[in-house]
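I opened this model to look up its fold, its surface and one residue. My notes are below the view.

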Amino acid sequence: VQLQASGGGLVQAGGSLRLSCAASGGTFSRHAVGWFRQAPGKARELAAASSSRGASTYYHDSVKGRFTISRDNAKNTVYLQMNSLKPEDTAVYYCAAKYYAYSYNYYSTSAAGYDYWGQGTQVTVSS
């Protein structure tokens with residue numbers, strides 16, 4: 001599976017962005033997807049994740065109520081809607097995917113649990 005992340009940019013605090021992760025190759029409907037982010041000098045962290053059919057989702061405490069992960073398996077695309085953005089959301093955002101043959105409800109909260117990675121898209125939130 002090849003992943004292409006897009007949608008990043010520069011936005012003022014309180015604004016919104018929608019990131020997209022487009023997949024090609026493989027059976028995307030059997031892949032859990034995570035959106036990770038890495039700020040300068042900080043460790044990569046999982047911002048949000050979705051199981052392969054979207055039934056199970058995860059949000060980091062810092063983004064709960066502001067970010068929404070969704071997916072359209074017919075379009076092989078996962079989205080991250082980011083509202084009420086804060087300067088501390090500034091980071092490079094990466095989408096990652098993991099194939100699960102038999103589980104539609106599982107996702108990993110660890111970067112090591114993902115096999116495929118997109119190239120990253122920069123999100124900068126100005127104060």
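I worked on a predicted model, where local features need pLDDT of at least 70, side-chain atom pairs count only at pLDDT 80 or more, and totals for chains, interfaces and linings use all residues. Residues are numbered from 1 along each chain as its sequence is written, and side-chain values use heavy atoms, with hydrogens and water left out.

Fold. I counted 0 helices and 11 strands in the protein chain. Helices (H or I, at least four residues) and strands (E, at least two) are DSSP runs, numbered from the N terminus.

Size. The radius of gyration, taken over C-alpha atoms, is 13 Å for the protein chain, close to the 14 Å from the globule rule for 127 residues, so the chain is as compact as a globular protein of that length. That rule is 2.2 Å times the number of residues to the power 0.38. I read spans of about 45 × 25 × 25 Å for the C-alpha trace along its principal axes.

Packing. I found 44% of the 127 residues buried, meaning under 20% relative accessible area with a 1.4 Å probe, protein chains only. For contacts (heavy atoms within 4.5 Å), I took those with a separation of 6 or more; residues 24 or more positions apart account for 59% of them.

Ser52. I located Ser52 in the loop between strand S5 (45–50) and strand S6 (57–59). Ser52 counts as buried because its relative accessibility is 0%. Leaving out residues up to four places away in sequence, Ser52 touches Ser29, Arg30, His31, Ala32, Arg71, Asn73, Ser103 and Tyr104.

Conventions
Buried means under 20% relative accessible area, exposed over 50%, partly exposed in between (1.4 Å probe, protein chains only).
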